[in-house]
Amino acid sequence: MRLDRFYPIFDSADWIERLVPLGIKLVQLRVKDAAPDTLRDHVLRSRAVCARHGCTLVINDHWQEAIDTGCSYIHLGQEDLDTADISAIRDAGLRLGISTHDRAELKRALALDPDYVALGPIYPTILKKMKWHEQGLDRLTQWRGLIGDLPLIAIGGLSVERAPGAFEAGADVVAAVTDITLNDAPETRVRAWLAATR
């Protein structure tokens, strides 16, 4: 399954309902610290709009919820791997993306035969406090050499203007978060991303 080159990440179904209809074909729902009913509402609403628009929905972290609601793709960070039931995830037929930050994490991820590997933060990011310094484009190129044909996602501090450099360095897909959600005109920014990545 070939992934779209543009991969926005949103923290609510509100964003997904608002922006997926513009032509987004790959999106992640990353809901943190929500009550179970609230989480399920966001997942089901996101799944519905993505189904209508032919968009692949990736659920961050909440693998059991993804299984229970019939979603097909999840993304796990390294901490999530400590508690996730990989056998249950595979038995349910879910595709799996995994975050990596160093070679030890990459080795751990590759042992699980993921459907994609993400590397970040490529640039400094304001999204969350991270123990990892910016990876830079050279690290993307290293990862490209280490993972072969496996899809490589660049994440962290990326913008429309920085996307071409990430692709040139070896990324197959560029993820964006605050470049859209903190923009004064999110719809216009999404259209710019689509134009830059199609």
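Trainee: Which residue of strand 5 is the bridge partner of Tyr 73, and what makes strand 4 and strand 5 a pair?

Mentor: In this predicted model, the bridge partner of Tyr 73 in strand 5 is Arg 95. Strand 4, residues 73–76, is joined to strand 5 by four bridges, and since pairing asks for at least two bridges, the two strands therefore count as paired. They run parallel.

Trainee: What do the strands close into, and in which order?

Mentor: Eight strands close into a barrel in the order 1-2-3-4-5-6-7-8, with parallel pairing, and from one strand to the next the twist averages 25°.

Trainee: Which strands do helix 6 and helix 7 lie across, and at what angles do they run?

Mentor: Helix 6 lies across strand 5 and strand 6 and runs at about 170° to strand 5, whereas helix 7 lies across strand 5, strand 6 and strand 7, running at about 165° to strand 7.

Trainee: How do you know what span is expected of helix 7?

Mentor: Helix 7, residues 136–147, has twelve residues, and the expected 16 Å rests on 1.5 Å a residue. From its first C-alpha to its last the helix reaches 17 Å, which is close to that expectation. Helix 7 is followed by Gly 148, whose phi is positive, near 65°.

Trainee: Why are the buried residues of helix 7 said to line one face?

Mentor: The buried residues are Gly 136, Leu 140, Trp 143 and Ile 147. Seen down the axis of helix 7, they fall within an arc of 105°, so they line one face of the helix. On the other side, Asp 138 and Gly 145 are exposed. Among the elements that cover the buried residues are strand 5, helix 6 and helix 8.

Trainee: Why is the contact between Asp 68 and Arg 40 called a salt bridge?

Mentor: The closest N and O atoms of Asp 68 and Arg 40 are 3.8 Å apart, and because the cut-off is 4 Å, the pair qualifies.

Trainee: What makes Asp 68 and Arg 40 partly exposed?

Mentor: Asp 68 has a relative accessible area of 45% and Arg 40 one of 34%; partly exposed covers values between the 20% limit for buried and the 50% limit for exposed, so both residues belong there.

Trainee: Are Arg 189 and Asp 179 buried or exposed?

Mentor: Arg 189 and Asp 179 are both buried. The closest N and O atoms of their salt bridge are 2.9 Å apart, and the pair links helix 10, which holds Arg 189, with helix 9, which holds Asp 179, ten residues apart.

Conventions. Residues are numbered from 1 along each chain as its sequence is written. This is a predicted model: local features need pLDDT of at least 70, side-chain atom pairs count only at pLDDT 80 or more; totals for chains, interfaces and linings use all residues. Side-chain values use heavy atoms; hydrogens and water are left out. A salt bridge is a side-chain nitrogen of Lys or Arg within 4 Å of a carboxyl oxygen of Asp or Glu. Buried means under 20% relative accessible area, exposed over 50%, partly exposed in between (1.4 Å probe, protein chains only). Helices (H or I, at least four residues) and strands (E, at least two) are DSSP runs, numbered from the N terminus. The expected span of a helix is 1.5 Å times one less than its number of residues. The arc is that of the directions from the helix axis to the C-beta atoms. Contact means heavy atoms within 4.5 Å. Axes are lines fitted to C-alpha atoms, for helices over the stretch in contact, and angles run from 0 to 180 degrees between N-to-C directions.
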